[in-house]
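Dear colleague,

I am passing on the structure that follows, together with some notes on what was found in it. Please keep it open beside this message while you read.

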Amino acid sequence: MVPFAGWSLPLQYEQGHLQSHLHTRRHCSLFDVTHMLQTRVYGRDRIRFMESLVVGDIAELKPGQGTLTLLTNEKGGITDDLIVTNTSEDHLYVVSNAGCADKDLAIFRGRAEELQATGSDVHLEVSDNALLALQGPSMARVLQAGLSDDLAKLSFMNSISTTVFGVPGCRVTRCGYTGEDGVEISVPTGRAVELAERLLDVPDVWLAGLAARDSLRLEAGLCLYGNDIDETITPAEAGLMWTLGRRKRVGLTSVGPPIRPHMAILGPEGRPVGNCGHGRGGWCCQPPLTTPCPHIPGTVTSGCPSPSLGKNIAMGYVEAVHSRVGTELTVEVRKKQHPALVTKMPFVPTQYYMAK
């Protein structure tokens, strides 16, 4: 047992670090991660509250869907990495690092008080649930035996509230920090030992400690807060730009009418692929309301017919989720929608001279 963030945690069990690590890769291990901070955010303005603090696009999360995101300071440094889930109930569920619990709570509470002072509806509740992580390739088989829900329908970074091996009020999130298929189970504290023992009744399940957790996450290339990321490191420096859910510049190609600046970029179904934050989709919230806003996702910034390629090319900003090369979108040209394809840039290969 070793001290960690005010807790006494198991470094390893009788099997030792190496065997525990390999067992997780080959079978399944149970980690006690109750030291993680679990917070619930309630109120009609809970999404606006969270988006004012983190870099992720929380508004775009579907019910039950979560995302890894970053809490940043005024200089862009990473204050903490955390998982935010938009539950199917009436709150956001947030899991933060134990070593950052005090400063995270101070930030959360301070921001909530600021918003409450202006009439916003948001309030916090710190959960006293235990948190168990079941990780490894046999996880699904082990856990499914204690679930009435079909685990095959629960995708990575999605969450359900359910009963697990007879213990009600559990939140099961398909995630983990080992690189393996796994879940984290938030369970009422009074029944955490009972649930752990039920899982450990399966011979395939071993207990695993901090040493295995660290080597597993390192093999998976995952950051440890305080080691690989901290308040002096920005998301760009850490290679975590994918966590920025706001917007991304992309290249577009199309045929037909030329694409020009300020035209709206839409999804293939004709819906805006951006949001100005004031409930008007991809359109500017300032009058006139028919003008696409150039400062938000869903807007063309440059465009013209390409003499070299014989088709239209353009650049613009879309939400990160729509930025993958090959994504099919549409652009609104003279009130009609025309297909456009997200394309790798530069559109024409560069011919810069490099001395040998």
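**A residue in strand S17**

Ala 314 is buried, because its relative accessible area is 2%, and the limit for calling a residue buried is under 20%. Please bear in mind from the start that this is a predicted model, and that the notes below describe that model. Ala 314 belongs to strand S17, which runs over residues 311-318. Although Ala 314 and Val 250 are separated by 64 residues in sequence, their C-alpha atoms are 8.4 Å apart in space. When the neighbours within four places in sequence are left aside, Val 250 is also one of the residues in contact with Ala 314, and others on that list include Gly 251, Leu 252, Ile 259 and Phe 347.

How many of the six residues of strand S9 are buried? Six of the six are, and strand S9, which covers residues 130-135, is therefore largely enclosed by the rest of the structure. In a regular strand the side chains alternate between the two faces of the sheet. In S9, Ala 130, Leu 132 and Leu 134 point one way, while Leu 131, Ala 133 and Gln 135 point the other way, and all of them are buried.

Strand S9 pairs with strand S3 (residues 28-32) in the antiparallel sense over four bridges, and in that pairing Leu 30 stands opposite Leu 134. Strand S9 also pairs with strand S12 (residues 182-187), again in the antiparallel sense, over six bridges; here Gly 182 of S12 is the bridge partner of Gln 135.

Glu 184 counts as buried because its relative accessibility is 10%. Leaving aside neighbours within four places in sequence, its contacts include Leu 131, Leu 132 and Ala 133, and also Arg 171, Val 172 and Cys 175.

Arg 213 is found in helix H6, residues 210-219, and, with neighbours within four places in sequence left aside, Arg 213 is in contact with Phe 31, Val 33 and Tyr 177.

**Cysteines**

A disulfide is a covalent bond between the sulfur atoms of two cysteines. A search of the whole structure finds zero disulfides. For Cys 28, the nearest cysteine sulfur is that of Cys 175, 14 Å away, and Cys 28 is in no disulfide. Cys 28 counts as buried, since its relative accessibility is 0%. Cys 100 is likewise in no disulfide, and the nearest cysteine sulfur, that of Cys 223, is 13 Å away. Cys 100 is buried too, with a relative accessible area of 3%.

**The annotated domain**

Finally, the UniProt annotation "domain: GCVT N-terminal", which comes from an unreviewed entry, covers residues 1-246. In the model, that span is 24% helix and 29% strand, and the C-alpha atoms at its ends lie 42 Å apart.

With best wishes

Notes: Residues are numbered from 1 along each chain as its sequence is written. This is a predicted model: local features need pLDDT of at least 70, side-chain atom pairs count only at pLDDT 80 or more; totals for chains, interfaces and linings use all residues. Side-chain values use heavy atoms; hydrogens and water are left out. Buried means under 20% relative accessible area, exposed over 50%, partly exposed in between (1.4 Å probe, protein chains only). Helices (H or I, at least four residues) and strands (E, at least two) are DSSP runs, numbered from the N terminus. Two strands pair if DSSP finds at least two bridges between them. UniProt positions are given in the numbering used here, feature names are shortened, and annotations may be inferred rather than shown by experiment. A disulfide is a pair of cysteine sulfur atoms within 2.5 Å. Contact means heavy atoms within 4.5 Å.
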